[in-house]
Amino acid sequence: MTWEQQGYAHPSGVEAQPQPQVKAADERKPPARHAARPPAGRDRYFDTLRALALVRVVAYHTFGWAWAGLVFPSMGIMFGLAGSLMAKSLERPAPTVVRGRLRRLLPPFWFWGVFVVAAMLVHGWMPGREIVLWIVPLGDPPGNAWGEQAWEILWYLRTYLWFVLLSPLLLRVFRLAPLPVLALSLAPVVVLQFVWAGPDGRAGSALWDLATYLCCWLAGFAHRDGVLRRLGPAAVALPALATMAYGGWYAFSHQAVYGTYDLDEDPLAQAFWSAGAVLLLMWAKAYFRVDFAWLTRYRRLDRTVTVFNARAVTIYLWHEIALVLAVPLVDRFWDVPALAAHLPLDSQWFLFGVGWVLIALFVLLCGWVEDVAARRKPRLLP
């Protein structure tokens with residue numbers, strides 16, 4: 001980005017990455033063929049990762065592929081990107097940065113929440129004092145079983161919000177000893193898994209999610225501060241691959257416990273696999289100065305990536321509702337003989353396509369809230 005200059009916002013809050021300056025003569029430099037700086041403006045490598053993460057989230061919630069997290073750990077990547085931006089933003093006063101993040105995140109959440117809460121009230125839900133969590137989601141907002149598919153995704157916003165609040169302290173601790181702190185950032189999830197399971201209820205859920213993705217967030221710090229760029233391939237690849245190997249082994253060896261090797265059901269496996277993958281992606285970006293600048297030569301693809309990044313909050317919040325609405329909509333198609341005869345109405349891929357049509361509609365109808373939150377003139381599309 002910068003996002004503030006370009007006017008884009010995302011729950012992960014990730015901006016394009018200007019390359020760190022080499023200040024010490026003995027610091028490792030990338031190979032000469034990669035030495036050229038990317039063109040000024042947005043970093044399409046991170047933009048593309050964010051767009052792919054959103055597509056993977058929608059696909060997972062459509063098809064339920066257990067292997068999806070192993071192929072592309074989208075939530076860990078989004079936290080890593082967010083951590084990188086947060087480290088850069090905290091060059092400004094911390095209260096200003098935190099207020100800015102809240103201002104960009106909460107209005108789209110409130111707008112979405114009005115519809116979800118109203119629908120649950122119509123379907124018999126009676127909230128108590130915990131409804132305050134629909135204002136500031138420091139814990140999982142309450143809801144009923146009827147609306148669970150819509151509100152269960154809010155764990156990500158809650159976890160992101162806590163990381164934002166904790167980042168001024170986390171960044172100070174990280175900069176005291178970057179590599180040891182990064183390595184030890186997996187310790188909390190190990191403690192929760194094998195020593196103490198944490199408190200019950202909302203506090204426990206928040207603690208588990210913070211522990212699961214802490215290393216990914218700090219990997220973003222390491223990228224932004226130039227820590228990863230100064231490391232050679234072996235110094236990153238070997239521990240990162242070993243971390244992923246442990247996470248993969250744990251997932252497959254504990255299928256009997258969790259009923260699946262799906263990383264989303266296994267926090268320890270998720271933490272290790274995602275941490276290794278994010279470290280590799282961040283290191284490759286920093287060391288080889290990957291920028292995907294070639295993407296701008298493909299106007300439609302580049303435009304799609306731009307829209308995904310500018311409307312990522314909207315896509316994330318509304319995608320489950322779109323998938324829910326897609327089911328009865330496809331059912332209605334069966335009543336039209338021509339559609340029933342010529343369309344693959346019983347295919348999950350067709351449902352996936354209809355879901356994206358509805359997501360696009362929500363982007364047009366609701367995406368302007370992200371503009372208002374960013375204090376921009378509202379637009380149908382960025």
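# Exercises on a helical model

Of the 382 residues of the protein, 53% count as buried (under 20% relative accessible area, with exposed over 50% and partly exposed in between, using a 1.4 Å probe and protein chains only). This is a predicted model, in which local features need pLDDT of at least 70 and side-chain atom pairs count only at pLDDT 80 or more, while totals for chains, interfaces and linings use all residues. Residues are numbered from 1 along each chain as its sequence is written, and side-chain values use heavy atoms, with hydrogens and water left out.

## Exercise 1: confidence and fold

Task: state the mean pLDDT of the protein and find where pLDDT stays under 50.

Solution.
- Step 1. The mean pLDDT (the predictor's confidence in each residue, from 0 to 100) is 90, and 89% of the residues reach 70 or more.
- Step 2. Residues 1-40 stay under 50, and for them the model has 113 contacts beyond four places in sequence (contact means heavy atoms within 4.5 Å).
- Step 3. The secondary structure comes to 18 helices and zero strands (DSSP runs numbered from the N terminus, helices being H or I of at least four residues and strands E of at least two).
- Step 4. Among contacts with a separation of 6 or more, 76% are between residues 24 or more positions apart.

## Exercise 2: salt bridges

Task: describe the salt bridges of Asp-47 with Arg-44 and of Asp-371 with Arg-311 and Arg-376.

Solution.
- Step 1. The structure holds 12 salt bridges (a side-chain nitrogen of Lys or Arg within 4 Å of a carboxyl oxygen of Asp or Glu).
- Step 2. In the bridge between Asp-47 and Arg-44, the closest N and O atoms are 2.4 Å apart. Both residues lie in helix 2 (residues 44-63), three residues apart, about one turn of the helix, and both are buried.
- Step 3. Arg-311 bridges to Asp-371 with its closest N and O atoms 2.7 Å apart. Arg-311 sits in the loop between helix 14 (299-310) and helix 15 (312-333) and Asp-371 in helix 18 (residues 368-373), so this pair ties together parts that are 60 residues apart in sequence.
- Step 4. Arg-376 also forms a salt bridge with Asp-371, at 2.6 Å between the closest N and O atoms. Arg-376 is buried at a relative accessible area of 17%, and Asp-371 is buried at 0%.
- Step 5. Shared partners join the salt bridges of Arg-44, Asp-47, Arg-50 and Asp-302 into one network.

## Exercise 3: the largest pocket

Task: which residues lie nearest the centre of the largest pocket, and which helix gives the most to its lining?

Solution.
- Step 1. About 750 Å³ of space lies in the largest pocket.
- Step 2. Of the 26 lining residues, Glu-152, Trp-155, Asp-209, Asp-264 and Glu-265 lie nearest the centre.
- Step 3. Elements giving two or more residues to the lining include helix 4 (74-89), helix 7 (155-176) and helix 13 (267-288).
- Step 4. Helix 10 gives the most, with five residues.
- Step 5. The terms: on a 1 Å grid over the protein atoms alone, a pocket is an open set of points where a 1.4 Å probe fits, with protein on both sides within 12 Å along at least five of seven lines, and lining residues have an atom within 4 Å of a point. Points are joined across faces, edges and corners, and the volume is the space filled by probe spheres set on them.

## Exercise 4: Glu-320

Task: is Glu-320 buried or exposed, and what is Glu-320 in contact with beyond its neighbours within four places in sequence?

Solution.
- Step 1. Glu-320 has its place in helix 15 and counts as buried, at 2% relative accessibility.
- Step 2. Its contacts beyond those neighbours are His-61, Gln-149, Ala-150, Glu-152 and Ile-153.
- Step 3. Glu-320 and Ile-153 are 167 residues apart in sequence, and 8.2 Å apart in space, C-alpha to C-alpha.
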